[in-house]
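Keep the account to what can be computed from the coordinates.

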Amino acid sequence: MSEPLWLIPLFFFAIATGFYLGRREGKRRQRRRMESLSQEYVAGLNFLLNEEPDKAVEALLNSLEVSDQTLETHLSMARLFRKRGEFDRATLIHSHLLEQGELPRPTQEQIQLELAEDYLAGGLFDRAEEVLLEMLDQDCEKREQVIRQLTHLYEQERDWTSAISMGEQLIKSDPKMGPILAHYCCEEADGQIARGELAPARRMLRRALGFDKQCVRASVVQGRLEMREEQWADAIDAFKRIWQQDKAFFDEVLDELRQCYQRLEKEEDFIRLLADFSAEEPSTARVLLLSEQLRERYGDREAADFIADYMKANPSVRGLHRIIDMNLQLSAQGEAREHLGMLKELTERLTSDKTVYQCRRCGFQTPLLQWRCPSCRRWGTIKPRSEGGSKS
Ligand SMILES: [Zn+2]
């Protein structure tokens, strides 16, 4: 066996010590016990030396009473096994502890939670669920912890309906659950949309916003759903809501928003919206799109001047690239044209290499927008990187 096995004799030693310290009364009885304990200890050590940890665990479990002094050691040892991926051994210890019968209620519940954790870690979701639901049935004292673990379990199983109804019970004591539940609703809505169940999906998205009215994802999903149904005005309402929720995400739907306005033949409204939002808080993507719309209406020179003015105040690689592009088309000749061409290639490379999304909690970077960080597993922590970072 590999290296942490040498820790197990230490556990035996720790248990023996705890046992020894915990029994000051009845010295003779204790001596007899210690003798038998040390025999079991030696037996356990032999099993370990023969690389038979199962027998070693068995020797330990059979030889020791569970007391306040030894309980923590038992639990630590089980946790060590769980951490090493030896779930069977961890569950064996926890089951053994539960069989002791005379444990105080909080202790018993703590062990039940640990046992559920073993099953979860080992991928035995049904067994974990069974243990936890039984605890709820018995009206346990650690109710909140049990509900939290069940929520976590349903989330891992992607059983969003159960995760929502379980997690909902935590909102009062933990308002941070709201945004997480909103993501569960969006996950469920994604599934419903994929199955063509659009009315339930719309209800689920409203529920997401009920849990967290700042939930950008619900607006994005709803906007796309309405586009799919050619409900252009509803899609525009959903996408525009993102501006109020979190401006950093607004440019994610710029192209879709433009399509909606085009379908309604309301390009003027779109230009006004871009101009208003850019005045409130400019971004390169919005200004470039605005210039494109201006170009379509008023021609190249007007648009190039507009961008050049904007870029003087807010320099960025992508903006520079656009100016070069326009100048190439407009007027440059000969050598100047060649230089501009090289510069364009360079800026193209600079803009295409960049990672554009980053987790605010762990710093994980990704080229795709993801609603749950694959690294730290938190919901809603990945955001587009701000201007000047690299979203430009
Ligand atoms: Zn993260």
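The model is predicted, so local features need pLDDT of at least 70 and side-chain atom pairs count only at pLDDT 80 or more, while totals for chains, interfaces and linings use all residues. Residues are numbered from 1 along each chain as its sequence is written, and side-chain values use heavy atoms, with hydrogens and water left out.

**Overall make-up**

Of its 392 residues, 45% count as buried. Buried means under 20% relative accessible area, exposed over 50%, and partly exposed in between, with a 1.4 Å probe and protein chains only. Among the contacts with a separation of 6 or more, 52% are between residues 24 or more positions apart, where contact means heavy atoms within 4.5 Å.

**Nonpolar cores**

A nonpolar core is a set of buried Ala, Val, Leu, Ile, Met, Phe, Trp, Tyr and Cys residues joined through side-chain atoms within 4.5 Å. The largest one has 41 residues, and L132, V146, L150, Y184, L205 and A218 have the most contacts inside it. At least two residues of this core come from each of α6 (105–121), α7 (125–137), α8 (143–156), α9 (160–167), α10 (177–194), α11 (198–211) and α12 (216–228). The most is given by α10, with 8 residues. Leaving aside neighbours within four places in sequence, L205 is in contact with C186, A189, A218, V221, Q222 and L225. A second, separate core has 26 residues, including L254, L274, A285 and L290.

**The α9 and α10 pair**

How do α9 and α10 pack, and at what angle? The angle is about 160°, and the axes are 9 Å apart. Axes are lines fitted to C-alpha atoms, for helices over the stretch in contact, and angles run from 0 to 180 degrees between N-to-C directions. α9 is therefore roughly antiparallel to α10, a term for angles over 145 degrees. The crossing of α9 past α10 is left-handed, meaning that the near helix is turned anticlockwise from the far one by less than a right angle. On the α9 side W160, T161, A163, I164 and G167 take part, and they meet M177, L181, Y184, C185, E187 and E188 in α10.

**T381 and the cysteines**

T381 lies in the loop between β2 (365–366) and β3 (382–384). Not counting residues up to four places away in sequence, T381 touches Q358, C359, R360, R361, C373 and C376.

| Residue | Relative accessible area | Class |
|---|---|---|
| T381 | 6% | buried |
| C359 | 3% | buried |
| C373 | 0% | buried |

The whole structure has 0 disulfides, a disulfide being a pair of cysteine sulfur atoms within 2.5 Å.

**Positive phi angles**

Most residues other than glycine have a negative phi. D139 is not a glycine, yet its phi is positive, at about 55°. D139 sits in the loop between α7 and α8 and is exposed, at 57% relative accessibility. E265, also not a glycine, has a positive phi of about 55°. The loop between α14 (254–263) and α15 (267–280) holds E265, which is exposed with a relative accessible area of 68%.

Conventions:
Helices (H or I, at least four residues) and strands (E, at least two) are DSSP runs, numbered from the N terminus. Angles under 35 degrees count as roughly parallel, over 145 as roughly antiparallel, 65 to 115 as roughly perpendicular and the rest as oblique.
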